[in-house]
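Please look at the model below with its two topics in mind.

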Amino acid sequence: DTGVSQNPRHKITKRGQNVTFRCDPISEHNRLYWYRQTLGQGPEFLTYFQNEAQLEKSRLLSDRFSAERPKGSFSTLEIQRTEQGDSAMYLCASSFPDAAKQFFGPGTRLTVL
Amino acid sequence: TQLLEQSPQFLSIQEGENLTVYCNSSSVFSSLQWYRQEPGEGPVLLVTVVTGGEVKKLKRLTFQFGDARKDSSLHITAAQPGDTGLYLCAGPPRGGSYIPTFGRGTSLIVHP
């Protein structure tokens, strides 16, 4: 299967801990996006990369959130000092430069206790 | 304020019924995408509409893009339980840097 994969699928952590999520995009895609989705809402854009360059990061929710895509392939999203309000589904998507057609991974469900 | 407003928010119908869901904005979009999302999974792209007035059909699903490219609709004929899910519209507003915008979605339940 050559779709977008995300790991882990579920993460339960205690408030104050750091968490890191991984996304492996479709290999031919050079754009990679991170979103957050809470119950009853559509996906909320966080950041995106074109190859290894992070082109938009102003929408990251706070300075506790950071993302990397060091070699232009997989990406990681880190949340430091997690808070209960960070509990959500974190989605990754990838696309060709025709950014409108995005292909999503299954998401990582984060629960902060 | 949502850039893309979707209605209705919830819809519960019986198998075999027809339905239409709407995606509206005051902004012009270069294109609009429709996705379906099942619980615990990521959204799956159904269709992209690009040209004002465009109509696309995907089996029992008919998608239309408004002439002014500010709105779109999704019509499902003879709904089936497998159509159950969250229907999301999304798109890049015309002009400026590309930041994908999603509506809140319409949650559809089709009862057998």
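The paragraphs below take the interface and then the disulfides.

This is a predicted model, in which local features need pLDDT of at least 70 and side-chain atom pairs count only at pLDDT 80 or more, while totals for chains, interfaces and linings use all residues. Residues are numbered from 1 along each chain as its sequence is written, chains are lettered from A and ligands numbered from 1 in the order in which they are written, and side-chain values use heavy atoms, with hydrogens and water left out.

Begin with the interface. Chain B places 20 residues in contact with 22 residues of chain A, contact being heavy atoms within 4.5 Å. The size of an interface is often given as the accessible area lost when the parts come together. Here chains B and A bury about 1,600 Å² between them, and 57% of that is on carbon and sulfur atoms; buried area is the accessible area (1.4 Å probe) that two parts lose on being put together, summed over both.

Across this interface the rule finds one salt bridge, defined as a side-chain nitrogen of Lys or Arg within 4 Å of a carboxyl oxygen of Asp or Glu. B:E41 forms this salt bridge with A:R9, and their closest N and O atoms are 3.5 Å apart. On the side of chain B that touches chain A, the elements giving two or more residues are β4 (32–37), β5 (44–49) and β9 (85–91) of chain B. Strands here are DSSP runs (E, at least two residues), numbered from the N terminus. The largest share of that side, three residues, comes from β4(B).

Now turn to the disulfides, of which the structure holds two over all chains; a disulfide is a pair of cysteine sulfur atoms within 2.5 Å. In chain A, A:C23 is joined to A:C92, with an S to S distance of 1.8 Å. A:C23 sits in strand β3 (residues 19–24) of chain A and A:C92 in strand β9 (residues 88–95) of chain A, so the pair links distant parts of the chain, 69 residues apart. This link is left-handed, with -65° about the S-S bond. A:C23 is buried, at a relative accessible area of 0%, where buried means under 20% (1.4 Å probe, protein chains only).

In chain B, the sulfur atoms of B:C23 and B:C89 are 2.0 Å apart and form a disulfide. The link of B:C23 and B:C89 is right-handed, with 80° about the S-S bond. B:C23 lies in strand β3 (residues 19–24) of chain B and B:C89 in strand β9 of chain B, so the pair ties together parts 66 residues apart in sequence.

Notes: Helix = DSSP H or I, 4+ residues; strand = E, 2+ residues; numbered from the N terminus. Buried < 20%, exposed > 50% of the residue type's maximum accessible area, 1.4 Å probe, protein only.
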